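User: Please take a close look at one part of this model, the active site and its surroundings. I would like one connected account, with the cut-offs behind each term.

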Amino acid sequence: MREKRPVIALDFPSFEQVKAFLGLFPSDENLYVKVGMELYYAAGSEILTYIKDLGHSIFLDLKLHDIPNTVESAMRVLADIGVDMTNVHAAGGVEMMKAAKRGLGNAAKLIAVTQLTSTSEEQMREDQNIQSSLKESVLHYAQKTYEAGLDGVVCSAQEASAIKQETADDFICLTPGIRPQGAAVGDQKRVVSPADAYSIGSDYIVVGRPITQAEDPVKAYQAVYKEWNQL
Ligand code: C5P
């Protein structure tokens, strides 16, 4: 299940910047990129068609959370666009996740966000009135995601092995917060290296600024690729 290509977070505010960034790579290089809310809302769905036409794979990170019928219809649109992976909030519930899966069909992988990594245990208790530990809540949501028939979850690398134990070995753990040795940590709180993510059992790693803000992004990508694939 492990995806060899590190997923590059295209956290750019405009179409032009994405074009310039992708233009740095050889034309036969098939990348896996993540399009998040900022870029999607700024550039619209044409950005997805543009990236697909270049031959790249897309993880569309919009974290849908709405009534099942609305999410199902939105997923049907995304299936037509041809994204490779997308996501919902597990907090939307099993019915919503099943509806999302129905809408998307087998056209793409579907994963869920459990608790956002920006949420502390204290905030979870106060804001969501969930009185268990944060880890229990993450595992609970992962279990519900599995039960709904989704392919996996977004999680921190530290949570990957416990999640797989609760679900299945082939349940995808996609992990952001990756920093190669020596890279700036930025605002990420807990980071792991690509090599550590490999040994912990992540299936996909998401890497943004260490590649997009590098002096030589292609070289930085290649270094992450090598570390992630133990080359
Ligand atoms: O630049 P950096 O490597 O920190 O980017 C990580 C990407 O993964 C960003 O797009 C960020 O929004 C996303 N992400 C994250 N932590 C999560 C979920 C998503 O860093 N828990």
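This is a predicted model: local features need pLDDT of at least 70, side-chain atom pairs count only at pLDDT 80 or more; totals for chains, interfaces and linings use all residues.

Analyst: **The active site and its strands**

Residues are numbered from 1 along each chain as its sequence is written, and side-chain values use heavy atoms, without hydrogens or water.

Start with the record. An unreviewed UniProt entry lists Asp-61, Lys-63 and Asp-66 under "active site". Of this set, Asp-61 and Lys-63 are in the lining of the largest pocket. (A pocket is an open set of points on a 1 Å grid over the protein atoms alone, where a 1.4 Å probe fits, with protein on both sides within 12 Å along at least five of seven lines; lining residues have an atom within 4 Å of a point.) UniProt positions follow the numbering used here, feature names are shortened, and annotations may be inferred rather than shown by experiment.

Now Asp-61. It sits in strand β3, residues 57–64. (Strands are DSSP runs of E, at least two residues; helices are runs of H or I, at least four; both are numbered from the N terminus.) Asp-61 is buried, because its relative accessible area is 8%. (Buried means under 20%, exposed over 50%, partly exposed in between, with a 1.4 Å probe and protein chains only.) Beyond its neighbours within four places in sequence, Asp-61 contacts Lys-34, Val-35, Gly-36, Met-37 and Asn-87. (Contact means heavy atoms within 4.5 Å.)

Lys-63 is also placed in β3. At 23% relative accessibility, Lys-63 is partly exposed. Not counting residues up to four places away in sequence, Lys-63 touches Asn-87, Val-88, His-89, Val-113 and Leu-116. The side chains of Lys-63 and Asp-61 are joined by a polar contact of 3.0 Å. (That is a pair of N or O atoms within 3.5 Å; within protein, one must be able to donate a hydrogen and the other to accept it, and residues adjacent in sequence count only if both atoms are side-chain atoms.)

Next, the strand on one side of β3. β2 and β3 run parallel, joined by five bridges. (Strands pair if DSSP finds at least two bridges between them.) β2 covers residues 32–36, and five of the five are buried, so the strand is largely enclosed by the rest of the structure. Tyr-32, Lys-34 and Gly-36 point one way; Val-33 and Val-35 point the other. β2 also runs parallel to β1, residues 7–9, over three bridges. There, Val-7 has Tyr-32 as its partner.

Then β4, residues 85–89. Five of its five residues are buried. Met-85, Asn-87 and His-89 lie on one side, Thr-86 and Val-88 on the other. Three bridges join β4 to β3 in parallel. Leu-64 stands opposite Val-88. The chain gets from β3 to β4 through helix α4, residues 68–81, in a right-handed β-α-β crossover. (Right-handed: with the strands pointing away from the viewer, the path from the first strand over the helix to the second runs clockwise.)

β4 pairs onward with β5, residues 109–113, in parallel over five bridges. Thr-86 faces Leu-110 in that pairing. Here the chain crosses through helix α5, residues 94–104, again in a right-handed crossover.
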